[in-house]
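Visitor: Before we begin, could you take me through the reasoning behind the labels, setting each value against its cut-off?
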Amino acid sequence: FQMGGLGPMFGQMGHFVRYAKEKVPYGIERYTKESHRLMQVLEKQLSQNAYLAGEYSIADMASYPWVHSMVGFHPELAENTPSVRAWLDRVGARPAVQRGMAVPKLG
């Protein structure tokens, strides 16, 4: 899910919305819609489970930075996703995750 969904789709949304020198409406619409859809998939899964695979796992470790970053850049993605927000808080409270998110130190 992270490797074929969150990573590529969130990355494309970030590129087209934030970084592309030329605004391409098709790319913006396509990847924004897909990112919203993926957030709803996360919301459904996390409304039934504390973590993506039931217990804290590599799935959470791999997905957390993408979701955390996208919600930071595009808070509208997290609208109507209380379970995703609770998961972000739960995973983000872990000391190892806090240490990992501090490397590299980005300005």
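Guide: Let us start with an aromatic residue, Phe-16, which counts as buried because its relative accessibility is 16%, the term buried meaning under 20% relative accessible area, exposed over 50%, and partly exposed in between, with a 1.4 Å probe and protein chains only. This is a predicted model, in which local features need pLDDT of at least 70 and side-chain atom pairs count only at pLDDT 80 or more, whereas totals for chains, interfaces and linings use all residues. Residues are numbered from 1 along each chain as its sequence is written, and side-chain values use heavy atoms, with hydrogens and water left out.

Visitor: What makes the rings of Phe-16 and Tyr-31 a stacked pair?

Guide: Rings of Phe, Tyr and Trp (for Trp, its six-membered ring) pair if their centres lie within 6.5 Å, and planes under 30 degrees apart count as stacked, over 60 as edge-to-face and the rest as tilted. The centres of Phe-16 and Tyr-31 are 5.6 Å apart and their planes stand at 10 degrees, so the pair is stacked. Phe-16 belongs to helix H1 (residues 2–19) and Tyr-31 to helix H2, 15 residues apart, so that the pair links distant parts of the chain; helices here are DSSP runs of H or I with at least four residues, as strands are runs of E with at least two, numbered from the N terminus.

Visitor: Why is the pair of Tyr-64 and Trp-87 called edge-to-face?

Guide: Their ring centres lie 6.0 Å apart and their planes are at 65 degrees, so this pair is edge-to-face. Tyr-64 is in helix H3 and Trp-87 in helix H4, 23 residues apart. Tyr-64 counts as buried because its relative accessibility is 7%, and Trp-87, at 0%, is therefore buried as well.

Visitor: How do you know that the buried residues of H4 are on the same side?

Guide: The buried residues of helix H4 (residues 82–92) are Ser-83, Val-84, Trp-87, Leu-88, Val-91 and Gly-92. They cover an arc of only 160 degrees around the axis, which puts them on the same side of H4, the arc being that of the directions from the helix axis to the C-beta atoms. On the face turned away from that buried side are the exposed residues Pro-82 and Asp-89.

Visitor: Why does Gly-27 count as buried?

Guide: Gly-27, found in helix H2 (residues 25–48), has a relative accessibility of 1%, and therefore counts as buried.
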